[in-house]
Structures are given as C-alpha cells and as structure tokens.
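Please open the model in your viewer and keep the selection tool at hand.

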Amino acid sequence: MTEREFTAAAERHLDTVYRVALNCLRNPADAEDAAQTVLLRLWQSGQAFPDDDQLRYWLVRVTVNVCKDVLRSPWRRRMVALDHCREPAFAAPEHQALYAEVMALPAKYRLPLYLYYYEGYTAPEVGALLGLKPSTVQTRLSRAREKLKAQLKEE
C-alpha cells in the first residue's frame, strides 16, 4: 500500500472506524485512540486490498479487536467512566431519541444492532466481525428489537 492509497483509505474510513470504536468503548478519547491504533495497523500491514468493501471489512474487524483489547486492559478497570459522550447528530429528533435508546442497550445487543442497522452489514457479516455464528447474531438482533420495543412502549 502506497502512502497515497493509505491516505485516501484513512480519509474514507476514519469516520466509520471512529463510530464503531465509540460504540464499543463509549468514551470519545478511547475511541480516538482505538481509531489511531487501527490506522497504524493498516499502515504497518502494508496489505493491498482488491476493493473498498474488503478494506472496510478489515478495518471494522481490526477495530472490534482493538476495542476488545482496550476493554480487557487492567488500566481501564481503574478508570472512572465519563458520563457524557459525543453522539452523532441526526436531522430528525425521533432518530436522535431512537439512537439514544439503542445506546442504552447492553453491549451484547447494542453492537450487533449498530453494525446491522447503522453500518449496513448483513447478519453473517456481523457474525464474522464479532466472532459469532450468524444464528447467534439473528438471535441477538431479535432480542435487541424486543428490548427496544419494550423501552419505547414505556415512553
């Protein structure tokens, strides 16, 4: 991968990498660090990708792995979590409210739901990204929808 190809790939996919990391880590500073780590790994890999979809898939997979490493870190267990995270802005207020409800779900359901609906991956692709079977992803998506439906009925 040449420097020009790397720069173009970083500009195209940095936002996606950051959003996936923010979804996993729930902390903007940690998400920024994870995004930098992912781009550093892309540069160090020197790997050429035949098309943009394979590059995007590789980046999301590496992002999930980097986030898992961060979450396992003993340092993270000593830190106090921040209450306020920057969230994406939506044109419609109901979309913002729905996104807030999605972010309130447990991580087990939140990440597959986010990758499926917000990033546009299929269930088998989400399973491959998270190291789960497609049937497990479908089950988690179904349960996440049920939880969201219950949360939204309460309001």
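The stops below lead from the core to a helix pair and then to aromatic rings.

This is a predicted model, in which local features need pLDDT of at least 70 and side-chain atom pairs count only at pLDDT 80 or more, while totals for chains, interfaces and linings use all residues. Residues are numbered from 1 along each chain as its sequence is written, and side-chain values use heavy atoms, with hydrogens and water left out.

**Stop 1: the core**

Select Leu42, Leu59, Leu113 and Leu115, the residues with the most contacts inside the largest nonpolar core, which has 43 residues. A nonpolar core is a set of buried Ala, Val, Leu, Ile, Met, Phe, Trp, Tyr and Cys residues joined through side-chain atoms within 4.5 Å. Buried means under 20% relative accessible area, exposed over 50%, and partly exposed in between (1.4 Å probe, protein chains only).

Among the helices that each supply at least two residues of this core are α1 (3-25), α2 (28-45) and α8 (134-154). The helix that gives the most is α1, with 10 residues. Helices here are DSSP runs (H or I, at least four residues), numbered from the N terminus.

Next, centre the view on Leu113. Leaving aside neighbours within four places in sequence, Leu113 is in contact (heavy atoms within 4.5 Å) with Val102, Leu105, Tyr118, Leu141, Ala144 and Leu148.

**Stop 2: α5 against α6**

Two packed helices are described by the angle between their axes and the distance between the axes. For α5 and α6, the angle is about 145 degrees and the axes are 9 Å apart. Axes are lines fitted to C-alpha atoms, for helices over the stretch in contact, and angles run from 0 to 180 degrees between N-to-C directions.

Select Leu98, Tyr99, Val102 and Met103 of α5, then Arg110, Leu113, Tyr114 and Tyr118 of α6; these residues make the contact.

**Stop 3: aromatic rings**

How many aromatic pairs does the structure hold? There are 5. Rings of Phe, Tyr and Trp (its six-membered ring) pair if their centres lie within 6.5 Å; planes under 30 degrees apart count as stacked, over 60 as edge-to-face and the rest as tilted.

Select Phe6 and Trp43, an edge-to-face pair at 5.0 Å centre to centre, with 65 degrees between the planes. Phe6 lies in α1 and Trp43 in α2, so the pair ties together parts 37 residues apart in sequence. Phe6 counts as buried, at 16% relative accessibility, whereas Trp43 is partly exposed, at 41%.

Finally, select Tyr114 and Tyr118, a stacked pair at 5.5 Å centre to centre, with 20 degrees between the planes. Both lie in α6, 4 residues apart, about one turn of the helix.
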